[in-house]
Amino acid sequence: MPVKSANLSVIVSTYQQPEWLRKALTGYRYQTVSDFEIIVADDGSDERTRAVIEEIQPAPGINLKHVWHEDDGFRKTVILNRAIEASDGEYLVFVDGDCIPRADFLEQHVRLREPGRFLSGGYFKLPRSISESITAEDIASQRCFDIDWLTDLGLPRTFGNNKLTATGWKASFLNGFTPTGATWNGMNASASRSDIIRVNGFDERMQYGGEDREMGERLVNLGIKGKQIRYSAICLHLHHDRSYVKPEMLTNNAAIRATTKLGRLTRTNYGIDKRETR
């Protein structure tokens, strides 16, 4: 039986990857959590993405919204803030539209959340060949999360495969054992809506490169610390290039993050509420 959610909104970011988005949204049809909403935060994709959203019918009880603005360069932080404003849930899960969630993905976010914490997940990265071969039936049957099925398709056997195989106490142990910090990772992270509003969402001056981490750093400065769930809440990352990345984006973002850390800032004036910048 599906587990009832508690006022849950899932914010899925996307840009010009309609086939990857189709696979990602298909994954939300088979979640063990029910009665959640999905908000597609679309950074200016063309009609192909709109067609996929109109075609994909979520499971009964799931509301699907499409929040879009015109393509004017990398403005992911802007559309994410609009999606936050459009959300109805008390708890928000942030994912990327190139990540397929395992059936228990949202259940893990609901089960592991704590007051005064945000959840820090990761992803299991797939090569292009396997990314392209995954079908809707592979997602429905969940075999795309089966390590033997993946290795038959050419995936190498590494320690990282524990993300797919670890459960129960082993997953909990690995969450605590991993040297990877519990940072805000935009492809798999969650927090209460009220905490995100308190830090004023994402800094809209930022483009690619640490724009998600910076909001997490403000949460930490506020006293909302990260909790590691990279071996519990599992999603498959489909391969893609990043031709939109420019050196000046990384330089600008690094400067903003340095100011946030040095000043221990808890709120940006360039987020959801911009009244202080007028």
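User: In this predicted model, what is lysine 65 in contact with, leaving aside its neighbours within four places in sequence?

Analyst: Lysine 65 contacts Glu37, Ile38, Ile39, Val40, Ala86 and Asp88 once neighbours within four places in sequence are set aside. What makes each of these a contact is a pair of heavy atoms within 4.5 Å. Lysine 65 itself sits in strand E5, residues 63-68.

User: Why is lysine 65 called buried?

Analyst: Its relative accessible area is 19%. The term buried applies under 20%, so lysine 65 with its 19% qualifies.

User: How far apart are lysine 65 and valine 93, in sequence and in space?

Analyst: They are 28 residues apart in sequence, and their C-alpha atoms are 15 Å apart.

User: Why does aspartate 96 count as buried?

Analyst: Aspartate 96, a residue of strand E6, has a relative accessibility of 17%. The limit is under 20%, and 17% therefore puts aspartate 96 in the buried class. Leaving out residues up to four places away in sequence, aspartate 96 touches Val12, Ser13, Lys76, Gly186 and Met187.

User: What makes aspartate 35 partly exposed?

Analyst: The relative accessible area of aspartate 35 is 38%. Buried would require under 20% and exposed over 50%; 38% lies in between, so aspartate 35 is partly exposed. Aspartate 35 belongs to the loop between strand E3 (33-34) and E4.

User: What makes strand E2 mostly covered?

Analyst: Seven of the seven residues in E2, which runs over residues 8-14, are buried. Leu8, Val10, Val12 and Thr14 point one way, while Ser9, Ile11 and Ser13 point the other way, and all are buried. In a regular strand, side chains alternate between the two faces of the sheet.

User: How do you know that E2 and strand E6 pair?

Analyst: Pairing requires at least two bridges between the strands. E2 and E6 (residues 91-96) have six, in the parallel sense, so they pair. Within E6, phenylalanine 94 is the bridge partner of isoleucine 11.

User: What makes E2 and strand E4 a pair?

Analyst: Six bridges link E2 to E4 (residues 37-42) in the parallel sense. Threonine 14 has aspartate 42 as its bridge partner in E4.

User: How do you know that E8 and strand E10 pair?

Analyst: E8 and E10 (residues 188-192) share two bridges in the antiparallel sense. At least two are required, so the two bridges of E8 and E10 meet the condition. Serine 190 in E10 is the bridge partner of leucine 119. Strand E8 (residues 117-120) is also joined to strand E11 (residues 225-228), by four bridges, and these two run parallel. In E11, lysine 227 stands opposite leucine 119.

User: Why are E7 and E9 called edge strands?

Analyst: The sheet is open, with three strands in the order E7-E12-E9 and mixed pairing. Strand E7 (99-101) and strand E9 (124-125) are its edges, as each pairs on one side only. E7 and strand E12 (residues 235-237) run antiparallel and are joined by three bridges, and isoleucine 100 has leucine 236 as its bridge partner in E12.

User: How many helices and strands does the protein have?

Analyst: There are 12 helices and 12 strands.

User: What share of the residues is buried?

Analyst: Of the 278 residues, 54% are buried. The accessible surface comes to about 12,600 Å², and carbon and sulfur atoms account for 52% of it.

User: Among contacts between residues at least 6 apart in sequence, what share joins residues at least 24 apart?

Analyst: The share is 83%.

Conventions. Residues are numbered from 1 along each chain as its sequence is written. This is a predicted model: local features need pLDDT of at least 70, side-chain atom pairs count only at pLDDT 80 or more; totals for chains, interfaces and linings use all residues. Side-chain values use heavy atoms; hydrogens and water are left out. Buried means under 20% relative accessible area, exposed over 50%, partly exposed in between (1.4 Å probe, protein chains only). Accessible areas come from the Shrake-Rupley method with a 1.4 Å probe; for residues, only the protein chains shown count as cover.
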